[in-house]
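I opened this notebook to keep track of what I looked up, entry by entry, for a reader who comes to the structure without any background.

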Amino acid sequence: MLEFSILFPSVLNGLTTGAVYALIALGLTLIYGVLHIINFAHGAALMAALYGVYFLHQLLGIDPYLALPVMIPAMFALGYALQRWVIGVASHGKDENILLVTLGLAIVLENLALFLFKSDTRTIDTAYTFTTVPILGATISLPKIVAFAGALAMAGALLAVMHRTDLGRAIRACAKERQGARLVGIDVDHVFAMSFGIGLACLGAAACFLMPAYYVNPTVGNGFVLIAFTIVVLGGMGSFIGALAGGFIIGVVESVGGLWLGESLGQIGIFVIFIAVLLFRPQGLFGAKA
Amino acid sequence: MRGLIGIFAFAAAVAAAPFFVSSGYALNAIIMTLYAALLGQAWNILGGFGGQFSFGHAVFFGTGAYAMGVLQVKFGWNAWAAAPVAAACGAAVGAFIGGVSFRYGLRGSYFALVTLAFAEVFRILANTFEFTGAGVGLMIKLNESAANFQFATKAGYLYLILTLVVVAQLATWWLKHSRYGAWLQAVRDNEESAAALGVNAFRVKLAAIMISGALMAAGGVFYIQYLHYIDPHIAYGPGVSVEALLAPIVGGIGTVWGPVIGAVVLHVLGEGTRGLMGDAPGVNLVVYGLVLILMVMFLPRGIIGVFQTRAARNATPTARTGAGRA
Amino acid sequence: MTSPVPQRRRKFIKQATALAAVASTGTLGFPAIVRSQSGPLKLGVLHPVTGPLAYSGNLSRLGAKLAIDEINAAGGLKALGGAKIEPIYADAPRPETGVAEVEKMNEAGASAIVGAYASAICLATTQAAAKHNIPHVVDVGVADQIVERGLKNTFRFGPGYRVIATDAINDLHIMNKLARTAATTVMIIHEESLFGTGTANLLQQLLPGLGYKVVEVIKHANPTRDFNNIVLRMKALNPDIVIPANYYNEYALLVRTMKQQGVQPKAVFSVLGGAASSYKFVKEFPDVANGIIDVNHWFDPKKPQALALKRKVDAMKDQFFTYEVFLNYESVYLLADAVERAKSTRREAIIEALANSSWDKHFMPYGPTKFENGQNQGAKPLMLQVLKGDIKVVLPNTFAQTEPVFPWKA
């Protein structure tokens, strides 16, 4: 099991799978870091984005990677609207209400998809779906390598927004000190909505990178939620570098854990890490100390 | 005292139901509503009164259900003997999770997420070991007689779940009126201040999670005796965890009747929307989700909040977002 | 300080609400008097049409609906003077919901129930139906426990996983002996819940006895997002035969990954493979699907009614002729036959008719039905292979359309 020929591809595979997880976690960590919302609707939103990529391909023939400039703004708009006019309004700022609202949203989105698109699993076929790239004896699928690059790019873009733009500064201010931000004239509701929008925009990108190698049906999002939460906690809530690093680490742990303990029991590694991080280093690898 | 009368009046009313209601469907509806109320009340003790929200309450439920299953199927125990052991297992898991989490000062979202992680760990373990039946799950032999803790009539199960709900109600009433309950609520409202006043926050929270765990495990006991089959997904999956927190939040957390009212409302909503399904699966649940969101929008303190006076409203603040660690 | 009156009023409102709720559910229906002869046959059709099993649940419902519509269009139930079948459709995504729906069906006067696709849900619904003595035909649910509880009302038309796994192993052995290069090593990949684990356990028990070495058994979660590791193990161990037992999505991902990684065992020999004998899969991934073998529920390809139904379903938009469809279709016809012989809509009469049923007008390879403890004794799977973009029966010879191609070369 420790032979290089098995371990190396497994690690590479974990890194690329982890990249996709990171893409999903990037949005979640922003939403948590800024709004302190545990977004139960994140999986359902991913599902909605995947359907978006699917239909763009099936109906308009748009390649998933070329769909990025469509999906990102579309998901951003959805996120902005949801936070500004649904979540923000309904929750009255209370934890348990936010929980219920995002849960309710998840139920609505999932069943709307069921009603509109039926329960069939849908896949797309692209020229590069089965293309692989040999790396030192390991055969890695091309869509996953693209996803890896995509994750790095997205993280970079997010960091740029956070630290180089006024919006980024406003977001960081609201995350740190909501009342203070309001006092200096920042429209907190608008900034929160922008943050949620960016969070969902990340999902739009994630969907573009995920769809070629995966599939979509109304319940597909549920399989990613727990992993996304684990990565957010491991990386540090609110840290993009953390989400990236966390994604890679969890991807590799899942992969290698699967090799050693079997795919079913191997999943336990993820949650053991989750618990350990929460207990011993809750700010995560890169998060600020509470 | 008035509260106690209320609980017993409720119990008496429901106990009388089998004499007036012969519809199996209606009796089953009452049973499942009470079941949801039990789960909700268990959650409410830790979440509403203790202020520690849990996203993985299934971890206690599944433990109770599996304990019942394993003791009967693998060890041949009598169900009546197994039941209190199962509840104790729930409390033990509560002690473990609470002990670890509270010792490391986990609060707020961090605590919520750690319970979620524990539930998943237990699910994976249950799926792995032969003695819990692994993926195949556990099936309790059908042997309907009161001696086996199985009942041929719905009424039998109704009394069983009613008893458990009454116990949960009494426990909650006691929380509301006892000194321990005052400590717990003080810890919920402001742990540091409570500690400064001499309350041992750790012990108080630990007791709460153990009580909550035991009651939730009782829900698991009921489930497996009623439906006879359990598998890792049913036992430890997100379904039960979500079900446990929906009723109290909708009804009003931190109150004695919140989970019961929430359970009734959600059940009626569920059945009501079911009829909308027609030929298009999914529509009914879209409506259900929308109503849920609307309920939160217009009843931010839960249904009970509508009936509370302003003074009472101000007297029961809820958990705050923010720092998740001591 | 609050005055006592508002306190009492508040408590009263709380309690009154609770009591009112109890009262209202109590008035929601009195036990329906089960009509005996005249009137339609009320048939409960119970499947998970929402939730994670929705795809299979909806196909199951389609199969039942096709049969019901056909019977009604052809003049209804002759022995009851042309009485129509009146379906009561219900959703059962979880066991508890299934139980509640069975109660509802009982009160709506259902004479029989068909459903509920998933084994875990079937366990609960058959039990609930047994309390009211409602005959319950299990459409798919392959767990053997379903027919091992001594319930008199439960009848399963199709095979359970013990029969399927045993037949599969025998078929594998036959195929292997006929080939020039014999295969000896086997790798089993199964999903982690009831059907996958149960099937895998049986395979593990029986294979060594026939001389096969099980090099690895891999259990995976539902859902599994990535199969690269499992395929890596496959590459390392190089088994002659890979045996998957899982649901559609995972099966599809697994074989797609195998193709991507260039892994080609002598055979992909599925037992209850989720996508293996699915026209949907063959249509969407023709290259990957080619050559795959599956031992699964299937119809007798020589029976014209099967082909006619297949044509009908193929003509429908986005529907595929899957086992969910034809098993439910036949389950309804099985019930109709029982009702015709019982000449009654009374539950006990139908149960008795089912118990001594010897119906042979179906298109499954089962022979005339014969129920023992609720299990149709002749029920069996067929061995199929995807060849040239179509699914063909390859074993046993009595039903085979062509010979199996083994070992498989891409």
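Predicted model: local features only at pLDDT ≥ 70, side-chain atom pairs only at ≥ 80, totals over all residues.

**Entry 1: Backbone details in chain C**

I began with a loop, and found that C:Asn133 sits between α4 (119–131) and β4 (136–138) of chain C.

I then looked up the cis peptide bonds. One runs from C:Asn222 to C:Pro223, with omega near 5 degrees, and C:Pro223 belongs to the loop between β7 (213–220) and α7 (228–237) of chain C. Another cis bond joins C:Phe406 and C:Pro407, where omega is about -5 degrees, and I placed C:Pro407 in the segment that follows β14 (390–395) of chain C.

**Entry 2: Confidence**

For chain B the mean pLDDT is 89, and 94% of its residues reach 70 or more. I marked residues 319–326 of chain B, where the pLDDT is below 50 and where the model has 28 contacts beyond near neighbours in sequence.

For chain C the average pLDDT is 88, with 90% of the residues scoring at least 70. Residues 1–5 of chain C have a pLDDT below 50, and this stretch has three contacts beyond near neighbours in sequence. Residues 16–37 of chain C also stay under 50, and for them I noted 39 contacts beyond four places in sequence.

**Entry 3: Domains of chain C**

Which stretches of chain C does the domain assignment give to domain 1, and which to domain 2? I wrote down 41–159 + 302–379 for domain 1 and 162–296 + 383–395 for domain 2. The C-alpha centres of these two domains of chain C lie 29 Å apart.

Where the domains of chain C touch, eleven residues of domain 1 are in contact with eleven residues of domain 2. On the side that belongs to domain 1, I recorded eight nonpolar, two polar and one charged residues.

**Entry 4: Helix α12 of chain C and its partners**

I followed helix α12 (residues 323–342) of chain C towards helix α13 (residues 347–355) of chain C, and found that the two pack at an angle of about 110 degrees with their axes 8 Å apart. That angle makes α12(C) roughly perpendicular to α13(C), and their crossing is right-handed. From α12(C) the contact takes C:Ala338, C:Val339, C:Arg341 and C:Ala342, which meet C:Ala349, C:Ile350, C:Glu352, C:Ala353 and C:Leu354 of α13(C). Sorted by class, this contact of α12(C) with α13(C) has seven nonpolar, no polar and two charged residues.

I then turned to helix α2 (residues 54–73) of chain C, which packs with α12(C) at an angle of about 40 degrees, the axes being 7 Å apart. The two helices α2(C) and α12(C) are therefore oblique to each other, and I noted their crossing as right-handed. Among the residues that α2(C) brings to this contact are C:Leu59, C:Leu62, C:Leu66 and C:Ile71, while those from α12(C) include C:Val325, C:Phe326, C:Tyr329 and C:Tyr333. By class, the contact of α2(C) with α12(C) has 14 nonpolar, four polar and one charged residues.

**Entry 5: A helix pair in chain B**

In chain B I looked up helix α2 (residues 24–49) and helix α6 (residues 154–177), which pack at an angle of about 25 degrees with their axes 9 Å apart. This makes α2(B) roughly parallel to α6(B), and here I recorded a left-handed crossing. The residues of the contact of α2(B) with α6(B) divide into 19 nonpolar, six polar and one charged.

**Entry 6: Where chain B touches chain A**

How many residues of chain B are in contact with chain A? I noted 40 residues of chain B, in contact with 38 residues of chain A. The elements of chain B that give two or more residues to this side are α5 (108–128), α11 (238–251) and α13 (283–298). The largest share, twelve residues, comes from α5(B).

Technical notes:
Residues numbered from 1 in each chain as written. Chains lettered and ligands numbered in written order. Contact = placed C-beta atoms within 7 Å. Helix = DSSP H or I, 4+ residues; strand = E, 2+ residues; numbered from the N terminus. Domains from an automatic or database assignment. Nonpolar A, V, L, I, M, F, W, Y, C, P; charged D, E, K, R; others polar. Axes fitted to C-alpha atoms, helices over the stretch in contact; angles between N-to-C directions. Parallel < 35°, antiparallel > 145°, perpendicular 65-115°, else oblique. Left-handed = near helix turned anticlockwise from the far one by under 90°. pLDDT = per-residue confidence, 0-100.
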